[in-house]
Amino acid sequence: MTSRRCTLIEEGAREHLQLHGYQVRLVPAGINKRDPPAHLVASREPGEMRYIRIRKLSHRSPCINTINSVFRKDLKQFRKHLSSHPDETGLHYEIWIYSLSYGFCCFEVLRDSVKEIQKL
């Protein structure tokens, strides 16, 4: 996310996570292809790690069907990383959708499905 609006959205997500006790680091552009496609990595004790991909959505409602149809590449990359770390229970792979109408809507990527996450 490189535009000014994207930077502000990313910063808002980071501040929200920090308010809830997470240590957050921004993932620089040009990440290692073996890492999940995350914009933010949030961690909190004991052993919880959240890889978060932030996306903007303007003309569709943020729901599970939209995630499955529009963000297939992100789902595939997260699931590939998830399958290579099957025993790590504290890892969470998430797609956060931001829209002007709804604000942030958060979804967790699971091995074979997507689950909506209630607000922190």
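Visitor: Which side chain meets D74 in a salt bridge?

Guide: This is a predicted model, where local features need pLDDT of at least 70, side-chain atom pairs count only at pLDDT 80 or more, and totals for chains, interfaces and linings use all residues. Residues are numbered from 1 along each chain as its sequence is written, and side-chain values use heavy atoms, without hydrogens and water. A salt bridge here is a side-chain nitrogen of Lys or Arg within 4 Å of a carboxyl oxygen of Asp or Glu. At 2.9 Å, N to O, the partner of D74 is R55.

Visitor: How many residues apart in sequence are D74 and R55?

Guide: Helices (H or I, at least four residues) and strands (E, at least two) are DSSP runs, numbered from the N terminus. D74 sits in helix α3 (residues 72-83) and R55 in strand β3, so the pair ties together parts whose separation in sequence is 19 residues.

Visitor: Is D74 buried or exposed?

Guide: Buried means under 20% relative accessible area, exposed over 50%, and partly exposed in between (1.4 Å probe, protein chains only). The relative accessibility of D74 is 3%. So D74 counts as buried.

Visitor: Which residue forms a salt bridge with R14?

Guide: The closest N and O atoms are 2.0 Å apart. Both residues lie in helix α1 (residues 4-19), 3 residues apart, so about one helical turn separates them.

Visitor: How many salt bridges does the count come to?

Guide: Another pair is E94 and R50, at 2.7 Å, N to O. The two are 44 residues apart, in strands β4 and β3. By the salt-bridge rule, the count comes to 6.
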